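Here is a short report for a first look at this model. Keep the view open while you read.

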Amino acid sequence: MKAAPTKKPLIRFAVVESDPLRLAGFRALFDSEPDFELISYSSPDIVAQQNIDLVLLGNYHGQNLFDVLVCLKAPRPHLRIIVTGSGMDEQTILKAIAAGAKGYVDAAASPADFVQAIRIVSRGSVWVPRRVLSMFIERISNSPRRIFPTDQVAFTDRETQVLKMLVEGRSNKEIGTPLGIGERTVKAHVAKLMRKVGVENRVALTVHAITHSLVSLH
């Protein structure tokens, strides 16, 4: 007998969108994904819903994007948020990421891009357009704070394990569980890795690890 196929875990998320036509479009798109559970809430309700894994943040009654981000992240700092909008420039996207968003999808993107972005971000990684990633890498390269050459950085075995799983897009909990260490210990390892490499946040550490082939993903 063939084993029954393993069901994917549900990704429960909310869409913050004041345009009823766009909200209807999102519903039609996401209802076709068997592992997606779309829950529509207003911003205050999202904070109270602990079962929501992710928020797709569109237009919210004309409120400033960064004000809404702060309102969502303050009570739930680990809430994953994808920003969507029209024609947002690179500077604003980077500012949104710095403010706690985990991704940006242009309003004109394909349905497949929205689906893929939600899957990637739900796994703990970041989703941004290539032009933004290129700009981010360029900023890291031109940073006045020196990034150390690969051959001058020595990692312990545990740091290498943590870095590899970080690059794979895992959360602190998802890193710590298989290694038998707590989230606080994972944070300490990540902080030490950032100091060794010479970057100031996890996204920069991930980008640097990939561009300098610090870990093998195979």
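How many bridges join S3 to S4, and do these strands run parallel or antiparallel? 4 bridges join S3 to S4, and the two run parallel.

## Basis of the model

This is a predicted model, in which local features need pLDDT of at least 70, side-chain atom pairs count only at pLDDT 80 or more, and totals for chains, interfaces and linings use all residues. Residues are numbered from 1 along each chain as its sequence is written, and side-chain values use heavy atoms, leaving out hydrogens and water.

The chain has a mean pLDDT of 81 (the predictor's confidence in each residue, from 0 to 100), and 83% of its residues reach 70 or more. Over residues 144–150 pLDDT stays under 50.

## The sheet

An open sheet is built from 5 strands in the order S2-S1-S3-S4-S5, with parallel pairing. Strands are DSSP runs of E, at least two residues; helices are runs of H or I, at least four; both are numbered from the N terminus. Two strands pair if DSSP finds at least two bridges between them. S2 (36–39) and S5 (103–106) each have a single partner strand, so one side of each is left without a neighbour in the sheet. From one strand to the next, the twist averages 25°. Angles run from 0 to 180 degrees between N-to-C directions, with axes fitted to C-alpha atoms, for helices over the stretch in contact.

Helix H5 (residues 111–122) packs on the sheet and touches S1, S2, S3, S4 (80–85) and S5. Contact means heavy atoms within 4.5 Å. The direction of H5 makes about 155° with that of S4.

## Strand S3 and its partners

S3 (residues 54–57) is joined by 4 bridges to S1 (residues 11–16), and these strands run parallel. Val-15 stands opposite Leu-56. Val-16 has Leu-57 as its bridge partner. On the S4 side, Leu-56 stands opposite Ile-82.

Leu-54 and Leu-56 point one way from S3, Val-55 and Leu-57 the other. All four are buried. Buried means under 20% relative accessible area, exposed over 50%, and partly exposed in between (1.4 Å probe, protein chains only).

## Helix H1

H1 (residues 20–30) has the buried residues Leu-23, Phe-26, Leu-29 and Phe-30. They cover an arc of only 125° around the axis, which puts them on the same side of H1. The arc is that of the directions from the helix axis to the C-beta atoms. Their cover includes S1, S2, S3 and H5.

The face turned away from the buried side of H1 carries the exposed residues Pro-20, Leu-21 and Ala-28.
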